[in-house]
Amino acid sequence: MEINQILQACDWAGSSFLIFSQNVFSPLIYYSHLLPLVVSLIIAGVLYFGNRKYLPNKVFFVMVALFSVWIFGDLVLWATPSPEQTTFFWSVVNIIEPLVYVAAIYFIYAFTRERLPSQWAQGLLFVLMLPIFILTPTHYGILGFNLTNCDREAVEGIMVYYGYAIEVLMALWILGYGFWERHRAKDIIEKRKILLFTVGLALFLLSFALGNVLGSLLSDWTIGQIGLFGLPVFALFLSVLLVRYQAFHTKSFSAQILVLMLWALIGSIFFVQNLGLIHSITGITLGVMIIFGVLLIRSVQHEIEQRETLTVLKDKLEAANVQLKVLDASKNEFLSFATHQLRSPLTSIKWGLGAVGDTLIDRHADAETRTMVDHLAVTTDDLISTVNDLLDISKIEQGGLVLKNEEFDLYDMTARIVEEFKITAQKKGLKLVMTGDVVPQIMVGDATKLRQVFVNLIDNAIKYTKEGTVTVSFTQEAHRARMAVADTGPGIAPEELDQLFDKFIRGAAGKASQAGSGLGLYLARKIVEMHKGHMSVASEGLGKGSAFTVVLPVA
Amino acid sequence: MNDGEKINLVDHTDQGSNIITMFFLIALIFSIGAVHYRVYVKHTINFFLTEEEINHAQPLGSLYGN
């Protein structure tokens, strides 16, 4: 019988686009080949175009491209009625198949060490592949075409066993290398990543090889179809790596892969199913999915970019904060050191000036010289007071100021201070009056420090008021004593009220009229707060005077 | 290992691997080309009609060759 007659007698259906045909035995499984083809290409494409510089992405792209060619070739073998096409694509599949394994070896090297195998390893792979390249096109590769029972399959030559042998060898290479790298990795997360990757890759190759080897050995090619499901399994492992461990240095991969998987799924229904209504419905769904998918990916990318920017800013802020704390600590240290060094000589100067003043009086020195020495003494006192304030502040800020716990009468202390300042007020032509409840108010605290606070308030009031009255009121409340110093001075602008107790801050009116360090009120408030009290200021505005209030707990 | 050594290592590998990748590509093209030549140009496809022919590698004949 002529071969042409046998071919006609077999009566195979024709194929369109090489892969669509009635010859297919089990259409569902057959067309499901398309899904791994599309999905694997999409995954590799997204990874590669997401980060082209990252070596594993490049290698994975090549591996998947080879795998896709393999799937396409395999699809042709199922569909085509042409002996030439069967022979040609069968050979191509036989060449590509071990190349997928070679690419898998490159991939595991790239994934674990971000570099390709050594030149020796690459050379060995090439030598292993050389017989395949040379002998597959000969009759050692494909012996011929099998017409037994109208089978549409090639009769394979001896090379096919060599191909399977090196595939097993390369699979063992991958497993061995993967486990060795896992053993070598120091980090537990790194170990898990490598294990997951190796197992995923091995499962893919195993299912890929097993289907073909069994199909070839048992001459039952339907088993060969199992192999195709290896890649979705591997895709699953990859997805875990991507989402869980942010492998492959690609951003927003989970959203992209979700959308692209849906596109692939709907797209494959659209192209495979050809049933009028369903076709148009899937067409519309695909269109809508593409639009919403792009929007989703963009929004996720935008969000991720924002999050990354925030993380960078947060890190910068934290670093700046640490630096500031270090600077603040060294500043306080310096301040404390400097003021200590200043106070001792200033005290000596003060005593020296006192002695000089006495001598001048004894020797009846002229008035001008005495005034000059008196002026020097006052300036020295001011300087000592500023240095003391600075020292107190640095102590408070370093947590080094320890308060005394002594019992004293707050009212009595206030009344004494008011008495002391009456002469100073009279000299300036001011009235200094004390009003309120005359009741002893016993409290426990540091009398010296609180005296410093009250002196500061009354002194300020007298200093800044040019005419009128300074009123010190003392009132008793439940377990609290309220002491207020009100004056008819220049007042404070509303916008300055909030900052008045900050360090080195002085009101505009104060700055214009008097010299000062801007430390007094800051220190006063700190001391009051350390006594669990409260200090506040009120002023109706510039030119309307001001009132400072101190509230302290009493027994 | 300092950075300098690392860079050298990567460059070295890349250069060598580029050459071997090229070999792979040339071999692949050559191989597929040879298959194409055998199947479509020389038409040397043997046909087997029985299992016995297959087992003894004695084809029924070639469709185009003879």
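This is a predicted model: local features need pLDDT of at least 70, side-chain atom pairs count only at pLDDT 80 or more; totals for chains, interfaces and linings use all residues.
Let us begin with the interface itself. On one side, 40 residues of chain A take part, and they are in contact with 33 residues of chain B. The size of an interface is often given as the accessible area lost when the parts come together. Between chain A and chain B, about 3,200 Å² is buried, and carbon and sulfur atoms give 73% of that area. If you look for salt bridges between the two chains, the count is zero. Polar contacts are there, though: eight residue pairs, both at pLDDT 80 or more, are counted between chain A and chain B.

Which parts of chain A supply the side that touches chain B? At least two residues each come from α1 (3–10), α5 (83–113), α6 (119–135) and β3 (142–146) of chain A. The most comes from α5(A), with 12 residues. Sorted by class, this side of chain A has 26 nonpolar residues, 12 polar ones and two charged ones.

Now follow β3(A) across to the other chain. It pairs with strand β1 (residues 46–48) of chain B in the parallel sense, over two bridges. There, A:Asn146 has B:Phe48 in β1(B) as its bridge partner.

Our last stop is A:Asn149, in the loop between β3 and β4 (153–156) of chain A. Is A:Asn149 buried or exposed? Its relative accessible area is 70%, so A:Asn149 is exposed, the cut-off being over 50%. Its C-alpha atom is separated by 8.4 Å from that of A:Cys10, a residue 139 residues apart from A:Asn149 along the chain.

Terms used. Residues are numbered from 1 along each chain as its sequence is written. Chains are lettered from A and ligands numbered from 1 in the order in which they are written. Side-chain values use heavy atoms; hydrogens and water are left out. Contact means heavy atoms within 4.5 Å. Buried area is the accessible area (1.4 Å probe) that two parts lose on being put together, summed over both. A salt bridge is a side-chain nitrogen of Lys or Arg within 4 Å of a carboxyl oxygen of Asp or Glu. A polar contact is a pair of N or O atoms within 3.5 Å; within protein, one must be able to donate a hydrogen and the other to accept it, and residues adjacent in sequence count only if both atoms are side-chain atoms. Helices (H or I, at least four residues) and strands (E, at least two) are DSSP runs, numbered from the N terminus. Ala, Val, Leu, Ile, Met, Phe, Trp, Tyr, Cys and Pro count as nonpolar, Asp, Glu, Lys and Arg as charged, and the others, Gly among them, as polar. Two strands pair if DSSP finds at least two bridges between them. Buried means under 20% relative accessible area, exposed over 50%, partly exposed in between (1.4 Å probe, protein chains only).
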